[in-house]
Amino acid sequence: MPVSNNEDGKMEVGAIRLTEHGGPDVLQWQSVDLPAPAANEVQVRHHAVGLNYIDVYHRSGIYPTPETPCGIGMEAAGIVEAVGSDVKDMKVGDRVAYASQPLGAYSEARNIASDRVVLLPDEISYDQGAAMMLQGMTVEYLLQRTYQLKSGDTVLFQAAAGGVGLLFCQWAKSIGARVIGTVGSEEKGEIAKAAGCSDVIYYRHEDVPARVKELTDGKGVPVVFDGIGKDTWEMSLASLAPRGLMVTFGNASGKVPPFDINRLSAMGSLYVTRPTLMTYTADSGEMRKSANDLFKKVINGDVDIKINQQYLLREAAEAHRALEARETTGSTIFNV
């Protein structure tokens, strides 16, 4: 929680700072000064902070960041402690959550533009809010806007036991779609099945495209959702039906290498898209609708937020190591 006020009115808070790009050890716990919020900002005291793979991209330098040292993290939930003079739709004491840039969620408190924040329903805890926003809104745009998933559709989801994967399986099941999911172990297979994954493929020792064809009577799937990147790119393309859509939305194993676009025609006039949550939530109205659609799914019981790992915020480096080693399932949060 916030520590103290300085003579100049700034509040001293603890935060994880990215000192340089590199491995987990570049994440350092430091005291920083937090000024009063600007006219369009709210000051949020965090109760819980979310861990997401995009944090690894920022830490390692795969995705650009401001000059280091800088903050890190995009997702948190907490309570509004102060509001800027132009903020009319939020007040002190409101429960809120967000998943947005600029970076800086790995902190006890921060200022953030009010149009990047949503009110958190009373039915959803702070822990759930911190665990669900980025992954949940990613699922929302993937299956409602990148590809409008319908009852009866069959899709392939790479890494079905991960945080996004478990939410995707549940949401897809709630609308009557069938998910074929890849996993790395028997344990993760059971976790994915419990979330609604219809069929699991063990990518470490099974031929993924062959199994997909087997499960779809030789047709392949109309869409593949792939957040892994380099390691799964070829198997994902080979799992698509003619005129299928390849949705590559993450780089957990590294960037997809350059490829000959003519291969898409040779493999059946395929489509490829590389969407990001930032694009799909750039408009504040779209962002809030996405969040509210997610909240409804959680409140009505269609989607259960599985928080399977918790760390102290000071333990950010340890959490990053576990995430990169694929030792985690479901969502991970930091306790503040």
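Lys-297 counts as buried because its relative accessibility is 14%, where buried means under 20% relative accessible area, exposed over 50% and partly exposed in between, with a 1.4 Å probe and protein chains only. The model is predicted, so that local features need pLDDT of at least 70 and side-chain atom pairs count only at pLDDT 80 or more, while totals for chains, interfaces and linings use all residues. Residues are numbered from 1 along each chain as its sequence is written, and side-chain values use heavy atoms, with hydrogens and water left out.

Lys-297 is found in helix H9, helices being DSSP runs of H or I with at least four residues, numbered from the N terminus. Apart from neighbours within four places in sequence, Lys-297 is in contact (heavy atoms within 4.5 Å) with Trp-171, Ser-174, Ile-175, Asp-302 and Val-303. The C-alpha atoms of Lys-297 and Trp-171 are separated by 7.6 Å, although these residues lie 126 residues apart along the chain.

Trp-171 is one of the buried residues of H3, a helix that spans residues 163-174 and is mostly covered, with 10 of its 12 residues buried. Gly-176, which follows H3, has a positive phi, near 90°.

Helix H9 (residues 284-299) also packs with helix H2 (residues 126-146), at an angle of about 100° and with the axes 9 Å apart; axes are lines fitted to C-alpha atoms, for helices over the stretch in contact, and angles run from 0 to 180 degrees between N-to-C directions. H2 is therefore roughly perpendicular to H9, a term that covers angles of 65 to 115 degrees.

Key
Helix = DSSP H or I, 4+ residues; strand = E, 2+ residues; numbered from the N terminus. Parallel < 35°, antiparallel > 145°, perpendicular 65-115°, else oblique. Expected span 1.5 Å × (residues − 1).
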